[in-house]
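Subject: Structure handover

Hi,

Here is the structure you asked about. My notes follow below it.

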Amino acid sequence: MRFDILTLFPEMFEGVLGSSILKRAGQSLEDPKDEQSPRPPAVSYHLTNIRDHTQDKHQKVDHRPFGGGPGMVMQCQPIWDAVRAVESQDPRPAMRVLMTPQGRTLDQGIVQKLSKERRLLIIAGHYEGIDERVIEKLNPIQEISIGDYVLTGGELPAMVLIDAVVRLLPGVLGDDESACCESFSDGSDGLLDHPHYTRPQIWQGMEVPGVLVSGDHARIEAWRREQSQRRTVARRPDLIAPDSDGVENENTRGS
Ligand code: ADE
């Protein structure tokens, strides 16, 4: 998948895209056990500074809002020209995404859909917002928020989105890190994840639940499922959409 990221602060992305799993996803994978090794990288990241596309001699990208009010609004022209320039770099059509607190709240369902795209073009807005006309002109564009709070810009939200998408791409997570059964995944039935434990078996007098060291895989599975249900009911009842008649559903039954 190709990511194009349009931002006024490309340097903010270096640490995140250049570390850990997001970095590895951008490298070709050498695996002696894999016949198709080396595999091509799962992703490529292309950062564009919106300021490089301004026509203003002072490289201005924003202006005071019509109608008054605090803050500055990002102007249409630099964003529009940056999008057009970036899109012409690759024949693959891009799914356009604007990070904004006015967008639809990101969830694992949206992440899964986006992970099927071949190219995402993400605009990280700044200041008080973006001139509405360029958003209209960029239609179709998905406006996405990462939650009901306001950050100083769309850069951190863009990184959150990229992280969530990249880890779903084939070959990015090893078997040990698999995304199949964690909270919000298809394999979890929309429940929260169960608790996890590792060595030592006793830490500061606290013991690992006995069932997990019993070797009885059916019992372990049943215990984990029950823990997931309990946690979801206690912490996130909103995830278990009750039937409109208030009758229990398959996820709440017995918990
Ligand atoms: N920009 C500022 N706050 C944001 C948020 N919560 N989500 C997406 N983009 C943003």
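A residue is called buried here if its relative accessible area is under 20%, exposed if over 50%, and partly exposed in between (1.4 Å probe, protein chains only). Helices are DSSP runs of H or I with at least four residues, strands are runs of E with at least two, and both are numbered from the N terminus.

This is a predicted model, in which local features need pLDDT of at least 70 and side-chain atom pairs count only at pLDDT 80 or more, while totals for chains, interfaces and linings use all residues. Residues are numbered from 1 along each chain as its sequence is written, and side-chain values use heavy atoms, without hydrogens and water.

**Helix 7**

The buried residues of helix 7 are Ile220, Trp223, Gln227, Ser228, Gln229 and Thr232. Helix 7 covers residues 217-235.

**Ligand**

The residues around the ligand (a heavy atom within 4 Å) include Met99, Pro101, Ile144, Ser145, Gly147 and Pro157. Strand 5 (95-105) and strand 8 (142-145) each supply at least two residues of this shell. Strand 5 gives the largest share, 3 residues.

Look next at the polar contacts (pairs of N or O atoms within 3.5 Å). A ligand nitrogen lies 2.8 Å from a backbone N or O atom of Tyr149. For Leu151, a polar backbone atom is 3.0 Å from a ligand nitrogen. For Thr100, a backbone N or O atom is 3.2 Å from a ligand nitrogen.

Best wishes

Definitions and conventions: Expected span 1.5 Å × (residues − 1). Polar contact = N/O pair within 3.5 Å; in protein donor to acceptor, adjacent residues only side chain to side chain.
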